[in-house]
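Q: Could you take me through one part of this model up close, the place where the chains meet?

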Amino acid sequence: MAVETETLETVQALTQSGYKWGFETNVEMEFAPKGLNEDIIRLISARKQEPAWMLDWRLKAFAAWQKMEEPQWARVEHPPIDYQDLHYYAAPKKKAGPKSLDEVDPELLAMYEKLGIPLKERAILAGVDPDAAEGGSRQIAVDAVFDSVSVATTFKETLSKAGVIFCPISEAIREYPDLVKQYLGTVVPVGDNFFAALNSAVFTDGSFVYIPKGVRCPMELSTYFRINARNTGQFERTLIIAEEGSYVSYLEGCTAPQRDENQLHAAVVELVTMDDAQIKYSTVQNWYPGDEHGKGGIYNFVTKRGACRGARSKISWTQVETGSAITWKYPSCVLLGEDSVGEFYSVAVTNNHQQADTGTKMIHVGRGSRSTIVSKGISAGHSNNTYRGLVRMAPTAKNARNFTQCDSLLIGDRCGAHTVPYIESRNLTAKVEHEATTSKIAEDQLFYCRQRGLSEEDAVGLIVNGFCKDVLKELPMEFAVEAQKLLAVSLEGSVG
Amino acid sequence: MTFLERYETLLGKLPGDSALRAAASDAFRSAGLPGATRGRPSEAWKYTSLRSLAETRFRSGEPKHEAETILARLPLLDVPRLVFVDGEFSDRLSVHIANDGDGTAKSAEAPLSSPGSLKIARFADQPDFGTLTWPDREPMVALNTMLAEDGVSLHIPANHDCGTIQLISVATTDADLHPRHTIRLDAGAKLTLIEMSAGEGVYFLNTVAEIHVADGAHLTHIRLQDESLTAFHISTTYAEVAATATYDSFTLNIGARLCRTEVHATLAGEHATAHLNAVQLLMGAQHADFTSVVGHLAPHGTSRQTVKNVLSGRSRGVFQGRIEVARAAQKTDGYQMNQALLLSPDAEIDSKPELEIFADDVKCSHGATVGELDAEQIFYLRSRGVPDAEARSILVRAFLSEALDAVTDEAVRGSLERAVESWWQRNKA
């Protein structure tokens, strides 16, 4: 099914109103006291049964964080965040054993249903034998993160046969300490930036993926992140390592319950690829964006970075960002390996009072490294949407190449679209090309659609999907479908 | 003596509003020279640090070099010129505008006067700090406001074509100079202003110019910076362009150890036009920064910008360009192109083209390319028997000639071409 044929469904989705995924699951929560200090970090580390080195690592990050100031350079505005007024640890009381799905709270399974997780995956979560699933169809492994503790990990067996490790990072710290120690914090150091340091100090869970040499991961790996309890900041930590010649596609998607208080989300994602390895990382981000008056919504301050350490290795980021009150996110690639490749495909939609400051960094160090950036920003309502990106060619980046295309679309005259690219080249053989445009939906395009019987809103949905096609086609199929609907829902009420 | 110390010693002796100067000195004291103070430099000065400037001490003294010799090196045009030597107006070297005011005739003997209805005044006599600058936001403007002693105020009356006037700065000694200029074109007036600067020694020229182009007026502003390779050149221009008026500027930066050209152009009236084109030719350890902010405040404005850098040696070129479109500025058409040609493995380019858009019915785009000469083009020429060095030179010249096309006046372009040629010879040596 081609992505384009989904437009009809998109149009139908337009008629729905409000935040479709706004609900709260009533699982009893266990909170650590509010506030952030060394004791809380010790508590988190103890709850997670972490080794001493991990606690030391967290404390080091905390010390770094205390010396740092919240960055002010992004084009976002929000009331000051009181970091002492947040819970840094919350765990479902009914401790679900990751080994058995029977222990999963039925409320969680109901939640996945509401989230619209594909049937296949729900079947997986319901305990259907994966090998009995319809033949030939792609399999997806889900590591569901329910607030801070991973409650269910599926497909573990199939993956372990292939030698792939896919588990909550807290488990990896206990089970594979040497691997974690070797890579954790090497792409995003503990003191990298304010939010990364905070995450390093207090992260409670996330995913760990290890693909051994020469292995093509037998299925797409997927994590549904979800913020659930009131006033719990979410601090996910993801680490993906692709050894020589391996391949993995990782999907990350999120929706969050509707509520009024702003919530802080500061995740860190680290990717490492060795010689000839490839990681494809796709995100659909649909945290609660706040209501039409800008009340509530998630603050999404994320640090995502990949290191292409090996020759001919490749990291590809694809993101569709429709949610969050504030998005502050720059998935980046450090292209160290010779002929390594970095890609960034992004659609960012802001409506009402949303603010997005997002983009990428491509740091070219290796000879012959190449990068492509395609960014599509759509602003509507009273929102502000900024592309902020850096392309840096180090003196060693002989014959490196970059191509960047940033397009912005404005819907309505109360919103803003901004483009802030930084280009730094210190190698004469490196080539950098950058193009950016800003426009609105052309009258003739609208007229053409209206004349064929589409309503104005449907026409806008259609045109926006066309505008984003270059990015959407990079998404794995399951996500592409969801993303198209999200785009339309996000822009609801922005025309007419 | 530091700048602030000098200000203290000159207290009461400087012309103009002393309260304004005091406020500027406070602003400069708290801001300091960008890059020379502790902490992170501001975003506007991300790629240019004035640490080397802060470490250099300037003193005004006896001229060390002949102003005439320096002047003779510039590709001057046969039109009236106002010459400033070490920041002070030189009656002797200036060629004045004749009394008929048509701007074509000249008289070496006439005093600096206001012929016809054209009004010319020295800043030293009639200090005019203007209304557009922000000493509190721009440390270099604060420094200028604090220490400005001379400069020129040109006021072209309505519907008056003033032809071409050259405004020339010559530095002959190791001083810091802070010229302050104001250019006003009333409705329908027309002027081509050619600014050139050159000198010998370790000096610092910190110019601030304020430009008003009223309804339907047309200002062509050409600048050639050919300072000594040990000098510091910082120039900040604020231009306000009214309805249907045009501000057409072209800057050629060749000289100076460290150069920063900052232009703030505001399209305040409907159907206003601004062109901010520039070429920077650098070699050795030169650093040149071209920073521009085009503010579209009214509907139907047009802005065009092409900035080219040619970098050899260990030089570093910087381009920062921002197009801002306010809510009211519907139907804005903004375009910005930045190209850099790296000729040496040690050269560096930092480019930051920015769009900041708050109106939906606009057409704004920018493009940037960075790289070396196209290998295929070199091959094409070499396959036709052209030696490598010559093939490269042909291609660089083609790249530059395209940039100079923005200058439509042939005499002016010829003058700039001579400057490019002299850079070329110098670079070969």
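A: Strands here are DSSP runs of E with at least two residues, numbered from the N terminus. The model is predicted, so to speak of local features pLDDT has to be at least 70, side-chain atom pairs count only at pLDDT 80 or more, and totals for chains, interfaces and linings use all residues. Residues are numbered from 1 along each chain as its sequence is written, with chains lettered from A and ligands numbered from 1 in the order in which they are written.

Now the pairing itself. Strand 23 of chain A (residues 416–425) runs antiparallel to strand 20 of chain B, and 6 bridges join them. Within that pairing, A417(A) sits opposite I357(B) of strand 20 of chain B.

Stepping back to the whole contact (C-beta atoms, placed from the backbone, within 7 Å), chain B puts in 32 residues and chain A 29 residues. On the chain B side, strand 20 (348–357) and strand 21 (363–371) each supply at least two residues. Strand 20 of chain B has the largest share of that side, at 10 residues. Sorted by class, the chain B side that touches chain A holds 14 nonpolar, 7 polar and 11 charged residues. Here Ala, Val, Leu, Ile, Met, Phe, Trp, Tyr, Cys and Pro count as nonpolar, Asp, Glu, Lys and Arg as charged, and the others, Gly among them, as polar.

Key
Contact = placed C-beta atoms within 7 Å. Helix = DSSP H or I, 4+ residues; strand = E, 2+ residues; numbered from the N terminus. Pairing = 2+ DSSP bridges.
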